[in-house]
Amino acid sequence: SARVSSGPWLSLSSNLNLDVAARPITILGAGHIGFALAVMLRRAGSYAVRVADHDPQRLQLLQDLGFEVCLVQGAADTHAAIAHQYAVLNALPFHKAVSVAQMCVAAGVQKKKK
């Protein structure tokens with residue numbers, strides 16, 4: 001089972017929820033950065049966090065902690081992971097940044113509502 005250290009960044013208020021509907025967020029990448037982002041966003045409150053990655057072992061660690069996870073094995077899975085999200089955080093390697101950003105734009109992620 002995964003252990004999450006309680007460093008100083010986790011000692012902040014465990015839930016800063018201001019009675020706002022949880023905003024759906026997908027984190028692409030379940031490595032060290034993606035894992036840390038997921039934990040911090042959960043602790044901040046107001047976010048429904050989903051983590052997507054190609055590594056089932058990394059996803060299992062997060063699922064064991066109660067996170068929604070999405071196994072990504074291609075572009076169709078990535079599209080499904082980012083669909084209907086308020087925001088997508090990219091914790092993938094740099095060489096994937098442009099294509100992921102283009103997918104997010106096409107999917108209308110963070111598009112201002114008129």
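## A first look at the fold

T78 sits in helix 3, which spans residues 75-82. Keep in mind that the model is predicted. T78 counts as buried because its relative accessibility is 12%, and the cut-off for buried is under 20%. Leaving aside residues up to four places away in sequence, T78 touches V72 and M103. T78 and L28 are 50 residues apart in sequence, yet their C-alpha atoms lie 8.5 Å apart in space.

Four strands form an open sheet in the order 3-2-1-4, with parallel pairing. Strand 3 and strand 4 are the edge strands, each pairing on one side only. From one strand to the next, the twist averages 25°. Strand 2 and strand 3 pair in the parallel sense over four bridges, and V51 has V69 in strand 3 as its bridge partner. Helix 2 packs on the sheet, where it touches strand 2 and strand 3, and its direction makes about 170° with that of strand 3.

What about the nonpolar residues? The largest nonpolar core has 13 residues, and those with the most contacts inside it include I27, V51 and L62.

Helix 1 gives the largest share, four residues. Not counting residues up to four places away in sequence, L62 touches A30, F35, A38, V51, F67 and V69. A second, separate core of 11 residues includes I82, V100, M103 and V109.

Key:
Residues numbered from 1 in each chain as written. Predicted model: local features only at pLDDT ≥ 70, side-chain atom pairs only at ≥ 80, totals over all residues. Heavy atoms only, no water. Helix = DSSP H or I, 4+ residues; strand = E, 2+ residues; numbered from the N terminus. Buried < 20%, exposed > 50% of the residue type's maximum accessible area, 1.4 Å probe, protein only. Contact = heavy atoms within 4.5 Å. Core = buried A, V, L, I, M, F, W, Y, C linked by side-chain atoms within 4.5 Å. Pairing = 2+ DSSP bridges. Axes fitted to C-alpha atoms, helices over the stretch in contact; angles between N-to-C directions.
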